[in-house]
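Dear colleague,

Please find the structure below, handed over for your reference.

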Amino acid sequence: MSDIFISYARADKEKAELLANAFSQKGCSVWWDREIPPGKSFDEVIENALNSARCVIVLWSKDSVSSRWVKTEAAEGAARGILVPALIDNAPIPLEFKRIEAADLSDWQGDFSHREFDQLLRTVAGMVDGTAPAGIQQMPTNIEVRSRRWWKTKFGVLAVTGGVIIAGIGLIAVLRQTAFFERKEIQPPQTQNPVQSTSSSDTAAAPTKPARVVQDQAASVAKPRPSTQPQSSVMNLLSAENGGHVIVATNDQWLYAIDGDEKNWQYIDIGVVGSWAVYGFKDDKPASFDTFKVLILGSDSWNLKEFELLAGNDSATGRFESIDKFQTQNIRFFKDPYQEFKFSPVKAKYLKIKVISSHGFSSVGVYEFQLLGVLEK
């Protein structure tokens, strides 16, 4: 068992080795070399090393922020409360990890007297030993990132520039409201009804029938289900562009499953399988639908495997009835990477999606969901 697990992109191996050597000199055992022993799978070795580590250090860089494996490893560390991030260049930290403060090692060359490295060392030592050194405050783990050099980054420059522009627009708006530029009658602003949100536990009973596995796409094309709606009116009801929206969910990551971004994935279930979300349609209208689609771009252990769809009409936190359970294939279809699931037409105001399992990993990630149907008039 290693005290420290270092997560990094292949391009940053030199920096990872430098950090590993530094911690080893301080008496810590470090897992960082990704050479896989004969007869062992990559997933198995990584997961065992992660599970046994007392601390996970992630090196954020322009290469690692786009690495699926680094994000997966960082998510595991965050879920266990043992993640300690470090910046090794000016790359922006991924959104889901910005709430954990990062040490700035962008100019660190192995010097033990480096202020940021010294703080990192003390924080890690506190995690490994179970107690922080006397008189030393550990790096916060549940506060917004406060980079000591934020104004030097691209984000900082954009933030300052944006602030100046917003201030200018605000000043002009104030002058217009006070009729500084024109002597015209000012119309009172229109107001909108506030939206109230509530939460409660799911009351739907789990069905006993087995999950339906997605069929080969060629077969589904050969025997299409007759549509009860004009083809021209069928749309992706979940798309944010079409008015689809999350009403209530176990976490805010479910928003990304309908944002239209088909290149980046996000976790919707971290560590504990069983998360869910309830989606509504445009203008909160009911809709008729009979097809659900899941985008899978490759064989990854964190891909969504089993899931359940439920329909509701009472309220977003009221009674739901199961449509069916389904199961994806952990492969990519190159003609159309969306895996399609057909069911008998359903008319409802809300769609609930429940995670049942992944294809082997302890967390579940997704790219995009689609729900094909027609809004009721």
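In this predicted model, the buried residues of helix H4 pack against strand E1 (4–7), helix H1 (13–25), strand E3 (55–60), strand E4 (83–87) and strand E5 (103–104). The residues concerned are Glu116, Phe117, Leu120, Leu121, Thr123, Val124, Gly126, Met127 and Val128. Helix H4 itself comprises 15 residues, 115–129.

On the side of H1, the contact is made by Leu19, Ala22 and Phe23; on the side of H4, Phe117, Leu120, Leu121 and Val124 take part. The crossing of H1 past H4 is right-handed.

I turn next to the nonpolar cores. The largest of them has 32 residues, and the members that touch the most others are Phe289, Phe292, Leu351 and Phe369. Two or more residues of this core come from each of the following elements: strands E10 (276–280), E11 (287–295), E12 (304–312), E13 (320–327), E14 (338–348), E15 (350–358), E16 (364–366) and E17 (369–375).

Leu351 deserves a separate entry. Leaving aside residues up to four places away in sequence, Leu351 touches Leu238, Ala277, Val278, Tyr279, Phe281, Phe289, Phe292, Leu309, Leu310, Ile323 and Leu371.

Two further residues complete this account. Phe320 is located in strand E13. With a relative accessible area of 3%, Phe320 falls under the 20% cut-off and therefore counts as buried. Phe320 and Tyr350 are separated by 30 residues in sequence, while their C-alpha atoms are 8.7 Å apart in space.

Thr72 is found in helix H3, which covers residues 68–80. Its relative accessible area is 2%, so Thr72 is likewise buried. Which residues does Thr72 touch, not counting those up to four places away in sequence? They are Trp265, Tyr267, Trp302 and Phe361.

With kind regards

Notes
Residues are numbered from 1 along each chain as its sequence is written. This is a predicted model: local features need pLDDT of at least 70, side-chain atom pairs count only at pLDDT 80 or more; totals for chains, interfaces and linings use all residues. Side-chain values use heavy atoms; hydrogens and water are left out. Helices (H or I, at least four residues) and strands (E, at least two) are DSSP runs, numbered from the N terminus. The expected span of a helix is 1.5 Å times one less than its number of residues. Buried means under 20% relative accessible area, exposed over 50%, partly exposed in between (1.4 Å probe, protein chains only). Contact means heavy atoms within 4.5 Å. A nonpolar core is a set of buried Ala, Val, Leu, Ile, Met, Phe, Trp, Tyr and Cys residues joined through side-chain atoms within 4.5 Å. A crossing is left-handed if the near helix is turned anticlockwise from the far one by less than a right angle, and right-handed if clockwise.
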